[in-house]
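I opened this notebook to record what I looked up in one structure. The entries follow the order in which I consulted it.

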Amino acid sequence: MTGFWHRCIGLLSLTLFTAVLWAVFGAVNALLFFSTMLLWSVIHHIRHMVKLEQWLQHSDHTSASIPEGSGNWDDVFAYLARYVRTHSHSQQQLSLALERMQRATSAMPDGIVILDETNRIEWCNPIAEHHLGIKQDLDAGQQIIHLVRQIPFVEYLAARKYSKPLILKQAHYHQLILMLQLVPYGYKQKLLISRDITRFERLETMRRDFIANVSHELRTPLTVIGGFLETMSDENNNDSEINKRALALMTEQAIRMQNLVEDLLTLSRLENDQNIIEEKEIDVADMLRDLQHEAESLSGGRHQIKLDIATESQLLGSESELRSAFSNLVSNAIRYTPEGGDISIHWEKQGERGIFYVQDSGIGIEPEHIPRLTERFYRVDNSRSRETGGTGLGLAIVKHISSRHQARFKITSKIGKGSRFRIQFPAKRVISRD
Ligand code: ADP
């Protein structure tokens, strides 16, 4: 039976008993008895309610501090004690889990900041405090952009494209270089992960400087050697066959080394982020007509070279860089297409985007090599690349130039059938002239 019916039966018994009293001792005595009982009941409830109120207001809310009760209130307080016990147990479990989580994240080598849906700081670990110059105690509830004010970070946060990390230089007064990555989770919350890559970036700069310096230092002696070799080849017409062959070989190798040094210097320039890209309107159709003539003289009539210009649209970017990228792809097509093959150079629009591609009917590339072709010095066939005067750096240069123009570089190929090297420029770089 439920508590409600218990109490109804109690009230009913009291009413019945009063009715009996009424019949035996008269109305006055019965009503006196009834009101005394009601008054006693009200006092009983008020007394227990005051105990409950005091417990709610002042007590530490442990089950041991719950007041003692009598009658129905005994049950109520017993239920309350049971509820407080289970509640405090789960609260203990929760705080233990939270403490474990905080200890684990504090021990992590990366900085972690939890941001709410409006990008206010909810929590951060000590490494994040060090990386970003924030303080968990003081800055919780503050907008992260009020504390990390660098423009690239503000733009990264606003752009909501968090698939790629952001490299933030001089992130704080320590002059750190940080890699920041935002990871959305839960209900519009974000995790900001920071990693100190200062050492890695310094090594990378050292590597870049080293290659640039070595290439630069090699350039002058090589030019001198090349110059003398040329003069000697011109003058020593009546030299022995062996000497002539040696001279020809030395000249060829000196040219190869010069090309290599030039390509390494080009790559160093492209890798240098301080080297700001020139924004010029380029007449692509005109540039490609020039390239077609150069390709024809490079091919020496061994291939059929077609030009297909489907749009007069122009491109916004660096003329020298784009010429170098396009010309690298065209010269590769000639070098890797056997005699009699077809090569076509295309410029067209797809929606608002600009597409440049070179199609050849050459030897093709096996699929497993394709993802690695843009690595420096990666070659499918070393001897063939050298034979045809390759440096192994051409596609690495093309990839760098494409990404400096926010373009996508894609290679598709079928072995024995030919290859297509395609650069897709974003709409913001295409100036419509159609
Ligand atoms: P390389 O100077 O060796 O040509 P690249 O970086 O230009 O260096 O090209 C890398 C490799 O990609 C080449 O060694 C070659 O194996 C392959 N490759 C490039 N273009 C073509 C092509 N049009 N057809 C077949 N293979 C190609």
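Predicted model: local features only at pLDDT ≥ 70, side-chain atom pairs only at ≥ 80, totals over all residues.

Residues are numbered from 1 along each chain as its sequence is written, and side-chain values use heavy atoms, with hydrogens and water left out.

Entry on salt bridges. I took a salt bridge to be a side-chain nitrogen of Lys or Arg within 4 Å of a carboxyl oxygen of Asp or Glu. How many salt bridges does the structure hold? I found 15.

I then looked up Glu204, which is partly exposed at 21% relative accessibility. Its side chain meets that of Arg208 in a salt bridge (3.9 Å, N to O). Arg208 is buried at 18%. Helices (H or I, at least four residues) and strands (E, at least two) are DSSP runs numbered from the N terminus. Because the two residues are 4 apart in helix 8 (residues 198–235), about one helical turn separates Arg208 from Glu204.

Next I examined Glu271 and Arg376, whose side chains form a salt bridge at 2.2 Å, N to O. Glu271 belongs to helix 9 (residues 241–271) and Arg376 to the loop between strand 10 (353–360) and helix 12 (382–387), so this pair ties together parts 105 residues apart in sequence. Glu271 is buried at 12% relative accessibility, whereas Arg376 is partly exposed at 30%. I also recorded that Glu204, Arg207, Arg208, Glu271 and Arg376 are linked in a network of salt bridges.

A further salt bridge joins Lys280 and Glu319, with the closest N and O atoms 2.6 Å apart. This pair links distant parts of the chain, for Lys280 is in strand 6 (residues 280–282) and Glu319 in helix 11, 39 residues apart. Lys280 is partly exposed at 35%, and Glu319 is partly exposed at 31%.

Entry on Arg335. I located Arg335 in helix 11 (residues 319–335). The Arg335 side chain does make a polar contact with the side chain of Asn332 at 2.7 Å. A polar contact is a pair of N or O atoms within 3.5 Å; within protein, one must be able to donate a hydrogen and the other to accept it, and residues adjacent in sequence count only if both atoms are side-chain atoms.

Entry on backbone angles. I noted that Arg160, although not a glycine, has a positive phi of about 60°. Arg160 sits in the loop between helix 7 (151–159) and strand 3 (166–169), and is exposed at 64% relative accessibility. Gln406, also not a glycine, has a positive phi of about 50°. Gln406 is in the loop between helix 13 (394–404) and strand 11 (408–414), and is partly exposed at 38%.

Entry on distance. I lastly looked up Asp286, in helix 10 (residues 284–299).

How values were computed
Buried < 20%, exposed > 50% of the residue type's maximum accessible area, 1.4 Å probe, protein only.
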